[in-house]
Amino acid sequence: MTEPLITSPETSVTIASPTFNELGLQTSLLTAINALGYQQPTPIQLAAIPAILQGRDLVAGAETGSGKTAAFALPLLQRLSTTPNTATRSMGNQVRALIIAPTRELAVQIGEAIAAYGQYQQPALKVCTVFGGVGLNPQLLALRGGADIVVATTGRLLDIVQHNGIKFDVLETLVLDEADKMLGLGFSDELNQILALLPKKRQNLLFSATFPPELSFLIAKLLKNPVEINIAKRDDSLIEQHVYTVEAERKNALLIHLIQTGDWQQVLVFASAKNTCNRLVLKLEKAGIQAAAFHGDLSQSARNNALRDFKARQIRVLIATDVASRGIDIEQLPYVVNFDLPRSPNDYIHRIGRTGRAGQQGQAIALICPDEYAHFQLIEKRMKKRLPREQVVGFEVGEI
Ligand code: AMP
């Protein structure tokens, strides 16, 4: 395992950290990395890229925000472009690399990241992203003649298999991204059905933020002599947390006040219920703040549009539920607001982890009303951190 540390703790001397140029990546990929403005590989990239280029299996403990997508996508693109495609026309719609993700949003993001990293490769590799909630036929059509890389969610991939739309005889690499979430969302059976269809000899890469016991079985079954990478938890000192106490009925007004007085742009707000999201959108719009909801009752295209507009900064505030937000990755998201608290402390940590990424400072703000004080203490216990309660002038509640 490559040691990803870049400073020596004993001496505090900074050791020059390797650059992307030293990782053995081809020029076209380096050009893309440069165009994206990445200056240095992240620890997971440093450790994973050489191992994947060598064809090793890999299991990596890494969270969203660690740079894990590039860690597998860059060497994958390189391997596919430097080894011949052994599929022939008569073999049908063959795929050479399969990436499985737990949610549609994550699949779309991986597909987009791969397109960006591979944009200067000649000839270009063919990448298809397939996920449920949208029409099947365009995806079947896109897969005609096969693809170099398919990014898929499990259910839709099985639909496509049933329609004879994809074949795995020449599959070289399988990537499971956010494997813990995949099992957590109950996709274990679907995943096993897919694994049964794949050729035995292949490269396997598994990424997961956590390693619950049920994942051990999958790891043992899937990976052969894997390189193990465990990147320490992200430095959460990049996340500046504020907790504002406020009466429940004044939360709307406080949110609007904070956004306006702080001139916050790009704010991701979490609410626990879909109707809270919808109601908040109306309130914010009324105050002249462009906002959109992002939850499971909206059509896939409404969700895609909301995310696209939010990323393009045409919408200032996105109001999301936890389930819909999984895997949302927005570069340098500066503000995350917990409008109400999630039930599980893990979800809270997941929510605030949407900010403070890739070395950029971010702010996580929680608005808590008296009914939520006790629950917030549980969350603090889990974070092993006690945060000062703050009050905003004009929005005070009694002493806690
Ligand atoms: P991921 O963990 O793959 O979701 O990536 C998190 C974010 O970090 C994405 O927005 C990437 O574009 C960005 N990123 C990935 N690698 C680097 C890097 N080496 N330098 C700066 N940003 C990066």
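## Ground rules

This is a predicted model, where local features need pLDDT of at least 70 and side-chain atom pairs count only at pLDDT 80 or more, while totals for chains, interfaces and linings use all residues. Residues are numbered from 1 along each chain as its sequence is written, and side-chain values use heavy atoms, with hydrogens and water left out.

Helices (H or I, at least four residues) and strands (E, at least two) are DSSP runs, numbered from the N terminus.

## The open sheet

Let's start with an open sheet of seven strands, in the order β10-β11-β9-β12-β13-β8-β14, with parallel pairing. Two strands pair if DSSP finds at least two bridges between them. At the edges stand β10 (291-294) and β14 (389-390), each with a single partner strand, so one side of each has no neighbour in the sheet.

Four bridges link β10 to β11 (residues 317-320) in the parallel sense. One place to look is A292, whose bridge partner in β11 is L318. Helix α12 (residues 300-311) packs on the sheet and touches β9, β10 and β11; contact here means heavy atoms within 4.5 Å. The direction of α12 makes about 135 degrees with that of β10; axes are lines fitted to C-alpha atoms, for helices over the stretch in contact, and angles run from 0 to 180 degrees between N-to-C directions.

## A covered strand

How many residues of β6 (residues 203-208) are buried? Six of its six are, where buried means under 20% relative accessible area, exposed over 50% and partly exposed in between (1.4 Å probe, protein chains only). Q203, L205 and F207 point one way from β6, while N204, L206 and S208 point the other way.

β6 runs parallel to β1 (residues 58-61), joined by four bridges, and G61 stands opposite S208. Four bridges also join β6 to β5, again in parallel, with N204 in β6 as the bridge partner of L174.

## Helices side by side

α4 and α12 pack at an angle of about 50 degrees, with axes 12 Å apart. That makes α4 oblique to α12: angles under 35 degrees count as roughly parallel, over 145 as roughly antiparallel, 65 to 115 as roughly perpendicular and the rest as oblique. R104, E105, Q109 and E112 in α4 meet Q300, R303, L307 and K311 in α12.

Now try α8 (residues 188-195) and α9 (residues 213-222), which pack at about 5 degrees with axes 13 Å apart. That makes α8 roughly parallel to α9. L191, N192 and L195 in α8 meet L218, K221 and L222 in α9.

## Nonpolar cores

A nonpolar core is a set of buried Ala, Val, Leu, Ile, Met, Phe, Trp, Tyr and Cys residues joined through side-chain atoms within 4.5 Å. The largest one has 41 residues, and L25, L58, F72, L74, I99 and I149 touch the most other members. Helix α3 (residues 68-82) gives the most to this core, with eight residues. A second, separate core of 33 residues includes V95, L143, I160 and F168.

Most residues other than glycine have a negative phi, and most peptide bonds are trans. Against that background, the Q122 to P123 peptide bond is cis, with omega near -10 degrees. P123 is in the loop between α4 (104-117) and β3 (127-130).

E178 has a positive phi, near 50 degrees, and is found in the loop between β5 (173-176) and α7 (179-184). Is E178 buried or exposed? E178 is buried, with a relative accessible area of 5%. D263 also has phi near 50 degrees, and lies in the loop between α10 (251-262) and β9 (267-270).
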